[in-house]
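This briefing is meant to be read with the sequence and the coordinates open. Please look first at how the parts of the chain are laid out, and then at individual side chains.

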Amino acid sequence: MKLGTKLIHAGVEPDPSTGAIMTPIFQTSTYVQRAPGDHKGYEYARTQNPTRHALQNALAAIENGKHGICFGSGLAATDAVMKLLSPGDEVIASSDLYGGTYRIFTKVFAKYGIRFHFIDMQDANGIRAHLNAQTKLIWIETPTNPLLNIIDIAACAAIAREKNVLLAVDNTFASPYLQNPLDLGADLVVHSATKYLGGHSDVVHGAVIVKDDALAQQLAFIQNSCGAVPGPQDCFLVLRGLKTLHVRMQRHCENGETIARFLREHPRVGKVFWCGFEDHPNHAVAKKQMRGFGGMISFTLKNDSMEAALKVLSGTKLFSLAESLGGVESLIGHPASMTHASIPREERMKNGLVDSLIRLSVGIEDAADLVDDLQQAIG
Ligand SMILES: *Cc1c(COP(=O)(O)O)cnc(C)c1O
């Protein structure tokens with residue numbers, strides 16, 4: 001079955017008691033048993049919920065995995081993956097990570113004796129220098145935030161396999177419409193469904209998808225034991241979002257390309273970061289592992305100052321100034337003062353996060369209106 005069909009049909013069946021075509025929101029905490037242990041597969045809603053069950057199966061199908069395990073947020077999903085590890089274990093992570101991921105690694109799990117190495121993985125061979133007998137997990141995010149660098153998933157997977165180490169890929173930015181890490185050899189796919197999967201900026205949700213039965217069992221054990229489960233209403237919203245993922249992503253990609261090309265021609269714009277450009281340093285890898293280039297774009301201004309950036313950020317009318325991404329509406333953000341403000345300026349500049357860097361999550365509005373909005377804001 002192709003992705004567009006799976007997005008609409010996988011995991012869901014008409015409700016057996018009524019025929020409702022949409023999976024109901026099973027807003028219940030417990031399930032009545034006929035006699036002790038004689039039940040219909042559902043005992044208590046932290047452990048099982050039919051709305052969540054449908055979503056987990058749908059997510060497994062669209063990532064070409066076997067098991068989906070859902071959580072109350074993307075970071076709760078990351079938290080569950082880290083709980084597969086034990087004190088003394090080591091993780092090699094890409095340096096250009098979502099800020100919250102960096103925070104949970106360094107401020108929460110480091111405290112429990114897990115050691116992290118953050119490295120530039122644009123050349124996957126860089127991983128080798130940090131591998132040792134304690135290495136248990138390689139964690140990557142591609143495309144990266146906010147500079148849209150691309151990491152070669154298959155190359156990382158080959159190294160992971162060779163050393164018997166797990167490879168986890170945060171696939172939030174690409175979504176399964178553009179990229180399927182499990183097909184490229186990854187062991188775990190992590191999503192913040194808050195972004196493209198939900199797609200409407202109305203839910204916070206996360207998921208892990210795997211192929212391996214034993215790994216799925218461990219994650220389900222952590223899901224139930226630690227309890228960071230999503231509510232049924234949130235599962236319903238993500239299920240509903242999935243049904244249009246392919247249609248939305250197609251438009252995100254089209255609009256992204258239009259905006260990237262417009263910005264590149266603009267006399268006041270400095271550098272434009274979008275992995276669809278042929279001269280993007282990782283374009284060849286992007287072309288190999290992705291089916292399109294998405295709607296995330298960053299750019300700098302020739303006048304590289306906070307003032308110039310703030311003028312653009314407060315000048316757009318359709319692009320709303322907000323954190324997050326992946327919704328139908330276009331958003332604009334300023335990494336230096338918003339998502340990456342906690343990184344010291346010196347460190348930021350070293351990583352290319354200059355003062356005028358602006359990040360766009362291009363929505364699915366009419367592209368001509370989005371171009372007009374940026375044109376009037378940039379001047
Ligand atoms: C938002 C985000 C997360 C965290 O997800 P939440 O749902 O906000 O907890 C993780 N990774 C990436 C790439 C994200 O954009």
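Predicted model: local features only at pLDDT ≥ 70, side-chain atom pairs only at ≥ 80, totals over all residues.

Residues are numbered from 1 along each chain as its sequence is written, and side-chain values use heavy atoms, with hydrogens and water left out. The domain assignment of the protein gives domain 1 (3-242) and domain 2 (245-378), such bounds coming from an automatic or database domain assignment.

**Domain interface**

- The C-alpha centres of domain 1 and domain 2 lie 26 Å apart, and the contact (heavy atoms within 4.5 Å) takes 36 residues from domain 1 and 37 residues from domain 2.
- Between them, domain 1 and domain 2 bury about 3000 Å², with 60% of it on carbon and sulfur atoms; buried area here is the accessible area (1.4 Å probe) that two parts lose on being put together, summed over both.
- In domain 1, the residues that lose the most area to domain 2 are Tyr-177, Leu-178 and Tyr-196, which together make up 26% of what that side buries.
- Between domain 1 and domain 2 there are 19 residue pairs in polar contact, both residues being at pLDDT 80 or more; a polar contact is a pair of N or O atoms within 3.5 Å, where within protein one must be able to donate a hydrogen and the other to accept it, and residues adjacent in sequence count only if both atoms are side-chain atoms.
- Helix 1 (3-9), helix 5 (153-162), helix 6 (175-178) and helix 8 (232-242) each supply at least two residues of the side of domain 1 that touches domain 2, and helix 6 gives the largest share of that side, four residues; helices (H or I, at least four residues) and strands (E, at least two) are DSSP runs, numbered from the N terminus.
- By class, the side of domain 1 that touches domain 2 has 20 nonpolar, 14 polar and two charged residues, where Ala, Val, Leu, Ile, Met, Phe, Trp, Tyr, Cys and Pro count as nonpolar, Asp, Glu, Lys and Arg as charged, and the others, Gly among them, as polar.

**Salt bridges**

- The count comes to 13 salt bridges, each being a side-chain nitrogen of Lys or Arg within 4 Å of a carboxyl oxygen of Asp or Glu.
- Across the interface of domain 1 and domain 2 the rule finds one salt bridge; the side chains of Lys-288 and Asp-152 also meet in a salt bridge, at 2.8 Å from N to O.
- Arg-34 pairs with Asp-38 in a salt bridge whose closest N and O atoms are 3.1 Å apart; Arg-34 is exposed at 61% relative accessibility, whereas Asp-38 is partly exposed at 32%, given that buried means under 20% relative accessible area, exposed over 50%, and partly exposed in between (1.4 Å probe, protein chains only).
- Glu-162 and Arg-128 form a salt bridge with closest N and O atoms 2.9 Å apart, which links distant parts of the chain, with Glu-162 in helix 5 and Arg-128 in the loop between strand 3 (115-119) and strand 4 (135-141), 34 residues apart.
- Arg-261 and Glu-257 form a salt bridge, the closest N and O atoms being 2.9 Å apart, and because these residues are four places apart in helix 9 (residues 245-265), about one helical turn separates them.

**Helix 8**

- Helix 8 is mostly covered, with eight of its eleven residues buried, among them Phe-236, Leu-237 and Leu-239.
- The cover over the buried residues of helix 8 includes helix 1, helix 2 (50-62) and helix 9.

**Two loop residues**

- Glu-43 lies in the loop between helix 1 and helix 2, is partly exposed at 38% relative accessibility, and touches Thr-30, Tyr-31, Gln-33 and Gln-48, not counting residues up to four places away in sequence.
- Thr-194, in the loop between strand 6 (188-192) and strand 7 (206-210), is buried at 14% relative accessibility, and its side chain reaches the backbone nitrogen of His-205 at 3.1 Å.
- Not counting residues up to four places away in sequence, Thr-194 touches Val-203, Val-204, His-205 and Leu-325.
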